[in-house]
Amino acid sequence: MSEIRSLLSATTSRSLVLIDEICRGTETAKGTCIAGSIVETLDAVGCLGIVSTHLHGIFELPLQTRNTVYKSMSAEYIDGQTMPTWKLVDGICKQSLAFETAQREGVPDTVVKRAEELYHSVYVNDMPLKVIAPLDLKDDLNVNGGNEVASRTIGMASQKDILKGKVQRVVSAICKKKLMELNKLGDTSEVTDLKFISIGVREQPPPSTIGVSSVYVMLRPDKRLYVGETDDLQGRIQAHRAKDGMQSAIFISFLVQGKSIACQLETLLINQLPKQGFHLANIADGKHRNFGTNDTVLKAATV
């Protein structure tokens, strides 16, 4: 903190400021807020600088900045491992390569596996679980309103959060039904819950998505949806955001076992989501395939 005090007292608009691991060693919540306040101060001074941090909570703070630009370290999939490229890309990434690094450094697999279980139980679906009540496949899903379960919210949530929650609920119901058929299971309770990844404005997908097949839904600013599948989620999101008016789009995605399943679920969603009241921007992409056009695919979800 003494270093930060000296830095803030001497910084001017002509300064170059480099801070590595800002507020390291402090209690996480208060340290994050101190780091946010420091960023605001440097932004107001107008200096040039780079500030690095693992305190991802800083991106949730209502910071008052005008000149700050967010960057993250990109990664790539090489020989079965996720590796950093040491290159900065636009956007925020709220995950690290901690598990991969632990494995490479020889931390016992049992410890890493348990850490991953704890992480997924608390953090992966953190935002959806706070906003939307748990999915019940026995409930009808009425996207246009009128269904208490589908529209129930916890606390104060924005319309975008509510829409994202509704999309996630319906996507989960549709895909779990199909995965049950593909795996020849007795009912949807035997299907592992989809682990949704939420990618907000300015955010990048986590390293765990690199080199893995995924299905994604883009929530466009015009409230239409775009459904896709890819083995390069980061590249696909960058391509979408490069188009005019799409910079504020948000995404939800989930990983699947292989491109074949990803393609099937993509087409299924393109054909089924409009039947649940959603407006798609790429509905024509599903017209050339018959897969997913049968109304009986989703008996549990009716408008």
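A: Let us start with burial. A residue counts as buried when its relative accessible area is under 20%, as exposed when this area is over 50%, and as partly exposed in between. The model shown is predicted. With a relative accessible area of 10%, E229 is therefore buried.

Q: Which residue meets E229 in a salt bridge?

A: In general, side chains of opposite charge can pair when their charged atoms come close. Here the side chain of E229 meets that of K259, at 3.1 Å from N to O. E229 belongs to strand β7 (residues 225-230) and K259 to helix α9 (residues 259-272), so the pair ties together parts that are 30 residues apart in sequence. K259 is partly exposed, its relative accessible area being 40%.

Q: Which residues do salt bridges with shared partners join into one network?

A: That network consists of R220, D222 and R224. Within it, the closest N and O atoms of D222 and R224 are 3.2 Å apart.

Q: Where do E181 and K178 lie?

A: Both lie in helix α7 (residues 159-182), three residues apart, about one turn of the helix. K178 counts as buried at 14% relative accessibility, while E181 counts as partly exposed at 37%.

Q: Which residues make the nonpolar surface patch?

A: L16, L18, L48 and I50 make this patch of about 470 Å². Strands β1 (16-19) and β2 (48-51) each supply at least two of its residues. I50, in strand β2, counts as exposed at 54% relative accessibility.

Notes. Residues numbered from 1 in each chain as written. Predicted model: local features only at pLDDT ≥ 70, side-chain atom pairs only at ≥ 80, totals over all residues. Heavy atoms only, no water. Patch = residues over 30% accessible without salt bridge, like charges linked within 9 Å, V, L, I, M, F, W, Y side chains within 5 Å. Areas by Shrake-Rupley, 256 points an atom, 1.4 Å probe, with all protein chains shown as cover. Salt bridge = Lys/Arg side-chain N within 4 Å of Asp/Glu carboxyl O. Helix = DSSP H or I, 4+ residues; strand = E, 2+ residues; numbered from the N terminus. Buried < 20%, exposed > 50% of the residue type's maximum accessible area, 1.4 Å probe, protein only.
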